[in-house]
Amino acid sequence: MAAYKVVLTKETWPAAMTRIEQHCEVKLWKEAEPIPRKLLLEWVKDAEGLLCAGDIQVDEELLTHAPGLRVVAQSMVGYDNIDIDACTRRGIPFGNTPGVLVEATADLTFALLLSAARRIHECWDFVRSGNWGSDARPPYGVDLFGKTLGIVGMGDIGSAVARRARASGLNIIYYNRSKRMDDTLLEARYVDFSELLEESDFIICLVPLSNRSRGMFGAAEFARMKPSAYFINAARGAIVNTVALYEALKSKQIAYAALDVTDPEPISGDHPLLSLPNILITPHVGSATYETRNRMADLAADNLLAGLLRQALPTCVNASVNYSLGAI
Ligand code: DGY
């Protein structure tokens with residue numbers, strides 16, 4: 001394989017990096033903050049491959065600066081930072097990393113629900129502060145068993161969360177763009193969005209960010225939820241109107257929120273949301289296990305290397321411009 005010119009906007013995992021370096025001349029941005037746009041546009045001028053991780057916008061401007069690009073790969077399942085139509089217009093296949101992160105992300109999502117419902121992090125604070133054994137009562141939680149979980153976005157991760165929820169005795173309803181044919185197997189009932197908002201004791205948001213889902217949870221949606229509702233977002237921060245969520249939590253219109261994603265992201269330590277007692281936030285770590293992040297890096301490298309060879313990307317989002325198997 002020739003030494004293809006590639007740009008990596010973030011460090012990847014060692015096994016994936018070794019494979020990429022065997023075949024490519026790499027420009028790698030190693031700093032913690034995102035690569036400055038001006039430098040990125042300079043770097044991609046002669047790039048044949050681009051590997052990113054949600055840290056840059058791949059848009060018309062970038063693609064215009066990168067006339068030699070054969071492939072864009074991203075080590076994430078989400079691709080709201082990628083202009084897929086613009087890639088397709090230029091015949092550039094884009095590969096993401098679906099599948100390999102499903103179970104880890106479902107674990108974290110369900111852990112948020114459990115941790116919020118049973119106040120695990122607050123109980124730990126209680127013990128750490130030396131309150132165990134004092135007159136103070138430890139934080140109490142709420143039952144899961146027999147309650148209703150509403151899943152918004154019943155894709156692979158939603159189904160994996162549903163599996164975990166069934167084992168905890170939750171009744172599951174879901175809202176999706178369309179009813180799933182296999183929802184009897186999932187033991188989940190398809191409902192419309194309003195019914196889900198009104199009936200659920202726990203609501204989990206797992207829809208991808210798109211023009212359709214941006215701001216999907218705002219003041220009107222929180223107003224329809226039960227005052228005892230728990231709201232969990234493990235998808236993208238911008239699906240939720242942060243000000244409306246803050247108001248709903250502060251006024252106890254809903255009981256609690258647990259978020260793995262925020263808008264803005266990262267959220268600063270002095271953001272008003274963080275001052276509330278009824279919230280739990282993790283730093284977008286849905287897929288962050290050693291095993292899963294390695295699998296994501298491997299799959300992203302597979303996509304990148306296949307595209308450089310003009311061979312079919314294993315997981316291509318814009319299939320109409322994917323290379324055919326074995327093409328030169
Ligand atoms: C993804 O892959 O889109 C996740 O949000 C990353 O953790």
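By class, the shell around the ligand in this predicted model is made up of four nonpolar, three polar and two charged residues. The protein chain itself is assigned two domains, with domain 1 covering 4-100 + 290-321 and domain 2 covering 102-281. The points below take the ligand site and then the interface between the domains.

**The ligand site**

- The residues that surround the ligand are M76, V77, G78, L101, R236, H284, S287, R293 and M296.
- S287 contributes through its side chain, a polar atom of which lies 3.0 Å from an oxygen atom of the ligand.
- Of the 230 Å² of accessible area that the ligand has on its own, the protein covers 89%.

**The interface between the domains**

- The C-alpha centres of domain 1 and domain 2 lie 32 Å apart, and six residues of domain 1 are in contact with four residues of domain 2.
- Between them the two domains bury about 450 Å², with 49% of this area on carbon and sulfur atoms.
- On the side of domain 1, the residues that lose the most area to domain 2 are D80, G99 and T292, which together account for 71% of what that side buries.
- One salt bridge is found across this interface, and two residue pairs are in polar contact across it.
- R236, which is one of the residues around the ligand, also meets D80 in a salt bridge between their side chains, at 2.9 Å from N to O.

Methods. Residues numbered from 1 in each chain as written. Predicted model: local features only at pLDDT ≥ 70, side-chain atom pairs only at ≥ 80, totals over all residues. Heavy atoms only, no water. Near = heavy atom within 4 Å. Polar contact = N/O pair within 3.5 Å; in protein donor to acceptor, adjacent residues only side chain to side chain. Areas by Shrake-Rupley, 256 points an atom, 1.4 Å probe, with all protein chains shown as cover. Nonpolar A, V, L, I, M, F, W, Y, C, P; charged D, E, K, R; others polar. Domains from an automatic or database assignment. Contact = heavy atoms within 4.5 Å. Buried area = accessible area lost by both parts, 1.4 Å probe. Salt bridge = Lys/Arg side-chain N within 4 Å of Asp/Glu carboxyl O.
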